[in-house]
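User: Please take me through the contacts between the chains of this model, and then through a few local features of the backbone and side chains.

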Amino acid sequence: MLNEALFVGSLCYGVVSFFLLNKKGKRYDAVIIFLLSCFIAGYNAPFIEGKWPTVEILYSGLYKSLSQYIFQQILIK
Amino acid sequence: MLISKKGEEEMSQEPLRTFSNKNLQELKSIYVGNELLLFRTLADKDNINEAVIVYLNSLVDEKRLNQQILRKMNMDLRMNDGPTGEVLLESLHTLGDVNILTEIDEIENHLADSNFVLFIEGYDEAFGMKLPGFETRAIDEPQIELNIRGPREGFTEDLQKNLGMILRRMKSKNLKAKSFLIGQESQTKVMILYLSDRVDHEVLDELCQRIDSIHLDVLSDSAQIEEWIQDSTFSPFPQILNSERPDRVVTAMNRGKIVIMTDGTPNALITPSTFFEMLHPSEDQFERFYFANFLRIIRLLTLIVSLIGPSFYIAFTTFHLEMIPTPLLMTFLSAKAGIPFPTFIEALIMEVAFEVLREASMRLPRIMGQSVSIVGALIIGEAAVQSGIVSRPMVIVVAMTGIASFTIPSYNTAISLRLLRFPLMFLSALSGMFGLSVGMFIVIFHLCSLRFCGVLFLDPLGSEGYWSAMKKFFLPPVKYKEGLHSEGSRPNVSRIQSQKYRGKDWE
Amino acid sequence: MKVREKISHLQLGCLLFGYIAGFESLFLTETKLMKQDVWIANVFNILIGIALLGIITYVQRQFPGYKMTEICDKLLGKWLSKIMLFIYLLSNLESASGGFRAVSMFYTTVILPNTRSDYLILIYAVCSTYAVYIGLGTLARTNLIIIPFFLIGFLATCLFIIPEIQLNPFLPQLQSSKSDIAIGSMHLFTFTFSQLITFGFLMSRVENMKKIFTSCAIAILMSGLYLVMISYLTLSSLGFNYVETSTYPFFSTIQLVKLGEYLERIEILLIGLWTVLTMVNIIIMQYVFTLVAGHVLAISKMKPFVLAIGLLFFVHASKSYIRTADHFTYGTKIYPISSLLPCVVFPVVLGLITLIKKKGNIKAS
């Protein structure tokens, strides 16, 4: 339930902030906040299968082999 | 031109005419339907009505008006041969301070301010003199700020009396007073008092601006001013100290504070106030410093008990039973056996009942108050326990919390702590010490964020070094106070981090 | 003109102390690895920390009126600076999420086993978002108020643990292999002073820039000393084997505190203080994230973004490090490597470029 609430909440926040910022003439900020809210909503989207990327997943993929190599070198030396 | 509304000019400012009848007609048309407006004529030797005195009944001292003023004026008219106007004016000048009024607006304001106004035929001016005759309360000991030792005078609703009490105690030539009229209809007089060599002039300017910006129809109490001028409207903590004691006000002015006195209310507002000043009553000045400091520490502890006592109990008995010594834990568990409610609900029932009882006892007539207290104690203390609604330890916890909250001198601060107790109890019930720690962090964080005109509310904690904070918190003996002869020659609050500060980080 | 509130160098130093002492004290991964030689890791850590601090303060001092983000733009150029700052943002998010998860994992493991970790993270996130919204000055003052309680709690712990000391934790010395020393030092540095770059972004908000290095260096020394003390206290009271196998060795240590016959197991009070200091840690991360993100994305009005970033922190933390074993593995294997680029390489590059530019300016003049 928390997931669904956050999904709806973040989308609503994004839309409302978009309109409020747009009204103040800050179109660029409005677009950014809307995109950010959509990105946040993506983490809690009920219908998305699979994982929305987190930094953990990204860095685990990116640094795994480098980490293995470095630690291996340290252990050897 | 008369300015009756601050910064704005009245549309209907009419100058007086030389025929007093016409002036009186105008005045009657303004006060139509108001039977309190009275007219007394003054006749010369030939019984020609040459002058009229106008006043509002019950504002002016009619007895003195009749016996002293009218009588003297009439006698002077009969005995002196000169022009009527000159005779009357000379007579009036011997009786007191005379204000010369040239416009109807000024007359209205003077009449409302307990003045009587004299119209003389042939003069296009009127003459006003103050003669207040309304009843005021006698000077009495304040009901809330009681002292064992020290003065027992408290402010009343009469601003003049209150100012007299202050001026009697503070005879410095640096004492300045500035007045405002607030309330479009009520035209309530508000005075701010300060010592010009000690006050922070930036704070003073800011405060004057804020008072000038007040737009109300009727100003009935200083609490309205307080709400209007404070920085944070939605904070549960009061940011301005109020006091009914002239000695406290004088001490505050000596420390560079600005005092706001309002006509019609006995509460003086002291700004800029800090949280710790709300915990320190004026009695600390009148006791020996050992005892005063001891009581300051006690008050701090009772503040903590008042705020987080029930929350601690809920957290420990719900989540952290291992912390309670085993014999005590056995007692708690056996007391709790058979109670159908969780600890949080028990605490909520008891706290709400205590608050209801407290409110009820304030509204009841004194005759019935004692019986209600006894009934309340019986119901809450005994019957609730006997019937198995709450446990005995909970009654003790709530009673101790209630007593602890009574030790806080500032009633407003005590109320805010009572209010905050409930969300902290909720957080404790939700997640034990984690919730309580987070809750306390938010409370401390919020206190640190509060300011008044740039002055930090939690000063000196967090803004100055620990040693200077300790020096400010604890009361030294009078002999060793810094700069004995110029105590508080600089403002006693720090404005560190406030020189250019005007708003939150993201504004 | 509205100017953001400035903090004093003392407040920055205390923030640094609270940031490090609060969070790292519970895990002591380097102590498990190095045992009685843990002082070596701490010495390395302090030296590298001070060196890194020196580099960052040097860079800031060369550009006194500028924020660190603006300095990056000046030194690296607009786009390279944005890339580096973006990498820093990812690292910041990684650290903060790790912090959220560590706290919730600790509580759900030992104190509140029936509570969902998401709710604990939510409470934390709400609190940190509110704190970020209010601002740095208030945080600095709050931290100054909390630190004495933390130190009193710590001193009380030390005093009451002394009777529980069973063995000499200092001997025999130099038993750890070089690889253990290297890995232990790397772990310790990653979780403590590698985040000095975060404080670099706050240095422009300090009133007296000349005293930043001194205050922060003292904070680093005090944190190092504190970590050494708790490491050896833990080793001496629990024993080497127990420390190696325990998930939260310092927590186990403070469970031994007894006040006479009647009061024992007061660890929850100290954990309450630890919770608050960890909150300070996370708030600083979130605050700096908000500042840097505002610069990277060139946002003119940051106020609505504070809540959005708070939401981002919450959802990211609740979706990261879900399995405890993965969290520990990540913390020991991936995090020390991933934090090198934004936390070590980045400030060193900035320092070098500043030095080169300064020498170039001197030659030109």
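Predicted model: local features only at pLDDT ≥ 70, side-chain atom pairs only at ≥ 80, totals over all residues.

User: Which side chains meet in a salt bridge of 2.8 Å, N to O?

Analyst: Residues are numbered from 1 along each chain as its sequence is written, and chains are lettered from A and ligands numbered from 1 in the order in which they are written. Side chains of opposite charge can pair when their charged atoms come close. With a salt bridge taken as a side-chain nitrogen of Lys or Arg within 4 Å of a carboxyl oxygen of Asp or Glu, the pair at 2.8 Å, N to O, is Arg451(B) and Glu5(C).

User: How many salt bridges does the rule find across the interface of chain C and chain B, and which element gives the largest share of the side of chain C that touches chain B?

Analyst: Across the interface of chain C and chain B the rule finds one salt bridge. Among the elements that give two or more residues to the chain C side are α5 (78-111), α7 (136-161) and α14 (303-319) of chain C, where helices (H or I, at least four residues) and strands (E, at least two) are DSSP runs numbered from the N terminus. The largest share, 12 residues, comes from α13(C).

User: How much area is buried between chain C and chain B?

Analyst: Contact, meaning heavy atoms within 4.5 Å, joins 54 residues of chain C to 35 residues of chain B, and of the two pairs of chains in contact, chains B and C share the most contacts. Buried area is the accessible area (1.4 Å probe) that two parts lose on being put together, summed over both. Carbon and sulfur atoms give 71% of the area buried between chain C and chain B, which is about 4100 Å².

User: How are α14(B) and α6(C) oriented relative to each other, parallel or antiparallel?

Analyst: The axes, lines fitted to C-alpha atoms over the stretch in contact, with angles from 0 to 180 degrees between N-to-C directions, come within 11 Å and cross at roughly 5 degrees for α14 (residues 411-449) of chain B and α6 (residues 117-134) of chain C. Angles under 35 degrees count as roughly parallel, over 145 as roughly antiparallel, 65 to 115 as roughly perpendicular and the rest as oblique. The crossing angle therefore makes α14(B), relative to α6(C), roughly parallel.

User: How many charged residues does the contact of α14(B) with α6(C) have?

Analyst: Residues of α14(B) including Phe434(B), Phe441(B) and Phe445(B) meet residues of α6(C) including Ile123(C), Tyr124(C) and Tyr130(C). Here Ala, Val, Leu, Ile, Met, Phe, Trp, Tyr, Cys and Pro count as nonpolar, Asp, Glu, Lys and Arg as charged, and the others, Gly among them, as polar. By class, the contact has 13 nonpolar and three polar residues, and the number of charged residues is none.

User: Which residues of chain A lose the most area to chain C?

Analyst: The contact takes 31 residues from chain A and 37 residues from chain C, with about 3200 Å² buried, 75% of this from carbon and sulfur atoms. The residues of chain A that lose the most area to chain C together make up 20% of what that side buries, and they are Glu56(A), Tyr59(A) and Phe71(A).

User: How far apart do the closest C-alpha atoms of chain A and chain B lie?

Analyst: No contact joins chain A and chain B. Their closest C-alpha atoms lie apart by 14 Å.

User: Which residues does a cis peptide bond join in chain B?

Analyst: Pro272(B) lies in the loop between β10 (268-271) and α9 (289-318) of chain B. The cis peptide bond, with omega about -15 degrees, joins Thr271(B) and Pro272(B).

Notes. Heavy atoms only, no water.
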